[in-house]
Structures are given as C-alpha cells and as structure tokens.
Amino acid sequence: MNLRIPGPTPVPREVAEAGAADMINHRGPEFAEIIGRVTEGAKRVFQTSNDVLILTTSGSGGMEAAVVNHVSPGDKVLVVTIGVFGKRFLEIVQTYGGNPTELAFDFGTAADPARIDAALAADPELKAVLVTHNETSTGVTNPLKEIAEVVRKHDRLLIVDAISSLSSIPVETDAWGLDVVVSGSQKGWMVAPGLAFISVSPRAWEAQAKCTTPRFYFDLQRARSSAEKGQTPWTPAVSLYFQLDRALQILFAEGLENVYARHHRLAEKTRRGLLDLGLELFAAEGHRSDTVTAVKVPEGVDGSLITKTARTEFGTVLAGGQGSLSGKIFRFGHLGLVSDEDVDNGLRAVAQTMERLGYKTPTPA
Ligand SMILES: Cc1ncc(COP(=O)(O)O)c(C=O)c1O
C-alpha cells in the first residue's frame with residue numbers, strides 16, 4: 001500500500017525494527033542516555049537552544065500542554081484559524097476557561113500578518129497568539145516568520161502548532177522568536193504516532209510559572225525537572241524513543257537542508273502532476289504546503305468514493321476532507337519517508353481513481 005496521507009507517515013524499516021528492541025528500565029542509565037541524545041537531536045530540528053520536552057501523547061496532547069501551561073482562565077488570547085487544526089486550538093483554550101478572540105481566515109487561504117498586527121494593536125490585553133504553522137486540513141502553510149515578527153513587535157507570547165511542518169519544512173524557533181512550538185512524531189519525523197515535542201522559550205517559562213490552569217500529566221515544569229535527571233515524570237513510550245533515536249540518525253544522515261529540499265521538490269512535483277490532470281488545488285497559490293496537497297473534488301465526481309476507490313482498486317491511501325470539507329476535497333500527503341516513486345505512484349492512482357469515477361482529464365487547448 002502507498003500510504004499517502006499526511007500522517008501517520010511510513011516508518012522506515014530500520015526505525016520500525018529499532019522499536020522492536022527489548023524493553024529497558026525507563027529510570028535506568030540506558031534510557032537516560034537515549035533521552036539526552038534524542039532531546040539534543042530534537043533541538044537541532046527545532047533550531048533552538050530553548051528547552052525541548054518530549055511527551056508521550058499525540059500532537060493534540062502537545063497542543064493541550066501548550067495551552068494548560070501558558071493560558072490561565074480568563075486570559076485574553078488571539079487564536080488565528082485557517083482550518084480544522086486552528087479551530088482545535090480554539091476549542092482547547094475554551095475548554096480550559098481562556099478568553100479567546102478568533103481571527104478566522106477562509107479555509108484555503110493563509111493568515112495575513114497585517115490583520116494579526118491590527119488585532120494586537122487594537123487589544124493590548126491579548127497576552128498570547130496561537131497559530132497553526134501548516135494547516136493539514138487545507139494544505140496551507142502560514143507565513144510564520146512574518147507572523148512572528150508582528151507578535152514580537154507587540155511583545156506577546158507566540159504559541160505555534162508546527163505538528164505537520166517541523167522536520168519537513170524549516171522552522172527557525174530561535175531566529176524567528178517562537179515561544180512555544182509543538183510537533184508530533186507521526187509526521188515528518190518518520191516515527192510511529194505517540195510522541196509530541198514541545199519547545200519552551202525563557203519568556204514562555206516565565207508565563208508558565210504564573211499560569212494558574214490546573215494541570216497534572218502535562219505539567220511542563222515536572223517534565224523539565226525529570227528531564228534534568230534523564231527521565232520523564234510518567235512511564236514514557238520507550239519503544240517510540242528507540243524509534244526516534246534511529247529516525248533522527250536517518251534525518252541527520254540526509255541532512256536537514258536536503259530533507260527540506262526533497263519535501264519542496266516532491267511537493268512541486270505533486271502539485272504539477274495534479275494540475276496536469278486538470279484538477280484544481282484547494283490552497284491559495286503562494287501558500288501551498290510542502291507536506292500535504294489538498295485537491296478540490298471535480299464537478300461530477302462523487303467525493304465520498306475517492307479514498308475508498310484509491311485504496312481498494314489502486315493500492316493508495318489518500319485522506320479525505322475533514323469537517324466541512326468532507327466530500328469537497330481530498331488530500332495527498334508527501335512528508336517524511338517519501339520518494340519520487342511514491343509520488344509518481346500516488347499520482348497514477350489519483351488519475352486512475354478519477355477516471356474510474358467518471359472524470360475526464362480536459363484536453364489542453
Ligand atoms: C496541524 C496539526 N495539528 C494538530 C494535529 C493533531 O495531532 P494528533 O492527531 O497527533 O493529535 C494534526 C494531526 O494531523 C495536525 O496535522
């Protein structure tokens with residue numbers, strides 16, 4: 001099967017095998033060595049000297065950790081939404097009693113830094129900005145560097161969901177001044193689902209110390225104290241740490257710059273291949289993601305049959321649309337362990353699926 005969804009992504013054979021190693025004591029010296037090494041590796045990928053903590057949870061758990069450690073009940077925060085995952089940040093803030101203002105942009109478009117600038121200028125009480133870097137539900141990458149410049153200018157805390165970008169698309173945590181950044185193992189990291197990464201700047205630690213939201217499992221202060229002893233507060237997903245240790249070696253052997261270049265090249269190839277079929281891309285030009293491409297379901301094709309047909313007839317797992325986009329778009333993932341051959345095969349499967357569902361590729365004029 002060609003797994004072309006935007007996560008979980010294929011896990012390299014060596015990584016899967018590393019995860020099959022014998023269990024060890026998570027409070028012993030071997031684990032301390034591993035946690036030290038993978039934390040240093042993760043910091044390289046985050047391009048940061050901030051603390052990076054690795055939590056046993058999915059990406060949403062990392063988002064929840066970001067909120068419960070930095071947003072107190074009643075705190076006014078700006079939540080920038082461009083799709084389903086931005087809305088998730090909003091929901092988490094609401095769940096814990098924060099006071100969010102939503103700055104929503106149409107699905108398929110990117111956030112406009114000038115409007116974030118205006119929103120922050122208009123309300124000095126907004127303590128933090130929460131934003132999705134790469135909106136997996138629409139295939140849009142936000143201009144994070146520019147957004148960060150605006151947030152820095154207003155001196156607010158910047159909390160970023162970089163779950164489906166970090167390790168595939170450059171994220172310069174320190175250079176751009178990102179306070180809290182979250183990622184997840186099942187994306188570009190090439191590790192099975194179950195680990196979240198979270199970086200915390202000194203400014204964010206100050207906010208964390210004052211934050212009054214109740215928290216237990218996701219208390220980052222506890223995670224930091226344990227990490228100093230080469231441990232985690234709770235029993236970690238030890239096998240996933242083994243996988244991460246191996247996956248980082250593979251990433252660094254390729255070189256992060258080459259990893260980013262490969263993602264960009266294969267994303268371009270995917271976009272070109274889909275456009276050549278006469279299909280329309282959902283994301284606005286100039287903001288199209290290098291990890292996932294969203295495609296509009298063409299007129300006359302039953303969108304609910306696309307993923308099933310591709311999977312059962314043509315050996316390719318595509319993702320459907322989420323929420324209000326269900327049946328209107330489908331998504332093609334190209335992140336993590338992905339090659340020219342995977343993209344070529346995926347594009348062929350899309351063409352065959354469309355043909356099977358009655359779509360005719362327009363003949364060029
Ligand atoms: C941008 C983004 N945010 C959040 C999540 C949620 O992560 P998880 O499903 O690991 O909880 C995802 C997962 O697809 C994502 O792509």
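The model is predicted: local features need pLDDT of at least 70, side-chain atom pairs count only at pLDDT 80 or more, and totals for chains, interfaces and linings use all residues. Residues are numbered from 1 along each chain as its sequence is written.

- Domain 1 puts 22 residues into the contact, and domain 2 puts in 22 residues. Contact here means C-beta atoms, placed from the backbone, within 7 Å.
- On the side of domain 1 that touches domain 2 there are nine nonpolar, twelve polar and one charged residues. Nonpolar covers Ala, Val, Leu, Ile, Met, Phe, Trp, Tyr, Cys and Pro; charged covers Asp, Glu, Lys and Arg; the others, Gly among them, are polar.

**Ligand shell**
- Around the ligand stand G7, S58, G59, S60, F85, T132, N134, T136, D161, I163, S164 and G184. The criterion is a C-beta atom, placed from the backbone, within 6 Å of the molecule.
- This shell holds two nonpolar, nine polar and one charged residues.
- G184, one of the shell residues, has A196 in β10 as its bridge partner.

**Seven-stranded sheet**
- Seven strands form an open sheet in the order β2-β10-β9-β8-β5-β3-β4, with mixed pairing. Strands are DSSP runs (E, at least two residues), numbered from the N terminus. Two strands pair if DSSP finds at least two bridges between them.
- β2 (51–56) and β4 (99–104) are at the edges; each has a single partner strand, so one side of each is left without a neighbour in the sheet.
- Neighbouring strands of this sheet are turned by 20 degrees against each other on average, direction ignored. The axes are lines fitted to C-alpha atoms.
- β9 (residues 180–184) and β10 (residues 195–200) pair antiparallel over five bridges.

**Three-stranded sheet**
- A three-stranded open sheet has the order β11-β14-β13, with antiparallel pairing. Its edge strands are β11 and β13, each pairing on one side only.
- β11 (residues 292–296) joins β14 through five bridges, and the two run antiparallel. V292 has G333 in β14 as its bridge partner.
- β13 (residues 319–320) pairs with β14 over two bridges, also in the antiparallel sense. Here G320 stands opposite F330 in β14.
- β14 (residues 329–333) is mostly covered, with five of its five residues buried. Buried means 20 or more other C-beta atoms within 10 Å of the residue's own, with C-beta atoms placed from the backbone.
- Both faces of β14 are covered: I329, R331 and G333 are buried on one side, F330 and F332 on the other.

**E149**
- E149 sits in helix α6 (residues 144–153). Helices are DSSP runs of H or I, at least four residues.
- E149 counts as partly exposed because it has 15 C-beta neighbours inside 10 Å. That class lies between exposed (12 or fewer) and buried.
- E149 and I82 are 67 residues apart in sequence and 19 Å apart in space, C-alpha to C-alpha.

Key. Contact = placed C-beta atoms within 7 Å. Axes fitted to C-alpha atoms, helices over the stretch in contact; angles between N-to-C directions.
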